[in-house]
Amino acid sequence: MASADADAVATLRSAVAPANLSLISALLACAIAQFLKPFTIWLKDKKWDSRKMVSSGGMPSSHSATVTALATAIGLEEGVGAASFSIAVVLACVVMYDATGIRLHAGRQAELLNQIVCELPPEHPVANVRPLRDSLGHTPLQVVAGALLGCMVAFLLKSTT
């Protein structure tokens, strides 16, 4: 009887536990980060913009949440000595560096160019050009918040399995 109960519990646990902790952690962290963006904008600016759920930039960084959840889950599952963990950590570092460096500065340049175009006279050839997207990158705080979210998601999912 005890053996049958243990088998039933093991079967139930494998049915409930995520089949691929790394992938599920990364996707869930990304979804949670994107879901939180309109709320953080509302807290900061007191305006609601649900379009932020599907856009880049903002608090927290969904890219950072995704790659840190992936790296953390791989570290928890395979150990920090695994080659896949090393690859995931390097990927996370590149993504987070890019978010606070290149993408942040590209967004600031787009903001400046949009302002210049707005000040052009209406007859200028580029006066009616569609504005550039200026919410591309992240501040270091947004990246850190995303990274912490990713780690928490991976740890919570691991603890439930």
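Analyst: Gladly! From the N terminus on, the elements of the protein chain run α-α-α-α-α-α. This is a predicted model, in which local features need pLDDT of at least 70 and side-chain atom pairs count only at pLDDT 80 or more, while totals for chains, interfaces and linings use all residues. Residues are numbered from 1 along each chain as its sequence is written, and side-chain values use heavy atoms, with hydrogens and water left out.

User: What makes a stretch count as a helix, and how many helices and strands are there?

Analyst: Helices (H or I, at least four residues) and strands (E, at least two) are DSSP runs, numbered from the N terminus. By that rule the protein chain has six helices and zero strands.

User: How do you know what span to expect for helix α3 (residues 62-78)?

Analyst: The expected span is 1.5 Å times one less than the number of residues. Helix α3 has 17 residues, for which 24 Å is expected, and its first and last C-alpha are 24 Å apart, so the span is close to the expected one.

User: Where is confidence lowest, and where is it highest?

Analyst: pLDDT is the predictor's confidence in each residue, from 0 to 100. Helix α1 (residues 2-16) is lowest at a mean of 55, and α3 is highest at 95. The protein chain averages 81, and 76% of the residues score at least 70.

User: Why are some residues of α3 called buried, and what covers them?

Analyst: Buried means under 20% relative accessible area (exposed is over 50%, partly exposed in between; 1.4 Å probe, protein chains only).

User: What makes a group of residues a nonpolar core?

Analyst: Such a core is a set of buried Ala, Val, Leu, Ile, Met, Phe, Trp, Tyr and Cys residues joined through side-chain atoms within 4.5 Å. The largest one has ten residues, among them L21, A29, A69, L149 and V153. Two or more residues come from each of α2, α3 and α6, and α6 gives the most, with four. Apart from this core lies another, of seven residues, including V67 and M96.

User: Which residues does V153 touch?

Analyst: Contact means heavy atoms within 4.5 Å. Not counting residues up to four places away in sequence, V153 touches S25, L28, A29 and I32.
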